[in-house]
Amino acid sequence: MCAVIFLMRCVADSGPLLLQRLKAIVGDPYLDDKATVECLRALREEWMSKVHIAYRFSRRASEDAAADRPRLLQVLQVGPEELPVLQFWLRALDAEQRGVLRRL
């Protein structure tokens, strides 16, 4: 948690939306520890949903996939500054998660 707090101090208010949201959650004096953990868990689940959708999209063998990518990012509400986060989480999916997503 200390690393997250340090990161939040380094991020300007005009940074990526994900970091702004993390900063708001961690810096909210009205949230107790349990509520903070739940907010962080919800944010993580939101991003995992985005990653699952992006993964399924990337597996699509279509010539239109490259042309549809900007639309996908728009639907997922992922800005260009958050694209590295999405790509990181896509690479971080383990083999078991990938297997489950392939069966869906």
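This is a predicted model: local features need pLDDT of at least 70, side-chain atom pairs count only at pLDDT 80 or more; totals for chains, interfaces and linings use all residues.
**Entry one: H2 and H3.** I looked up how helix H2 (residues 17–27) lies against helix H3 (residues 33–59), and found axes that come within 10 Å and cross at roughly 165 degrees. H2 and H3 are therefore roughly antiparallel to each other. I checked the hand of their crossing too, and it is right-handed. Next I listed who makes the contact: H2 brings Leu18, Arg21, Leu22 and Ile25, while H3 brings Thr36, Cys39, Leu40, Leu43, Glu46 and Trp47. Sorting these residues gave me seven nonpolar, one polar and two charged.

**Entry two: the loop.** I then turned to Leu31, which sits in the loop between H2 and H3. Setting aside neighbours within four places in sequence, I found Leu31 in contact with Ile25, Thr36 and Cys39.

I wondered how many aromatic pairs the whole structure holds, and my search turned up one. The partners are Trp47 and Trp89, with ring centres 6.2 Å apart and planes at 70 degrees, so I wrote the pair down as edge-to-face. Trp89 belongs to helix H5 (residues 83–92) and Trp47 to H3, so this pair ties together parts that are 42 residues apart in sequence.

How values were computed. Residues are numbered from 1 along each chain as its sequence is written. Side-chain values use heavy atoms; hydrogens and water are left out. Axes are lines fitted to C-alpha atoms, for helices over the stretch in contact, and angles run from 0 to 180 degrees between N-to-C directions. Helices (H or I, at least four residues) and strands (E, at least two) are DSSP runs, numbered from the N terminus. Angles under 35 degrees count as roughly parallel, over 145 as roughly antiparallel, 65 to 115 as roughly perpendicular and the rest as oblique. A crossing is left-handed if the near helix is turned anticlockwise from the far one by less than a right angle, and right-handed if clockwise. Contact means heavy atoms within 4.5 Å. Ala, Val, Leu, Ile, Met, Phe, Trp, Tyr, Cys and Pro count as nonpolar, Asp, Glu, Lys and Arg as charged, and the others, Gly among them, as polar. Rings of Phe, Tyr and Trp (its six-membered ring) pair if their centres lie within 6.5 Å; planes under 30 degrees apart count as stacked, over 60 as edge-to-face and the rest as tilted.
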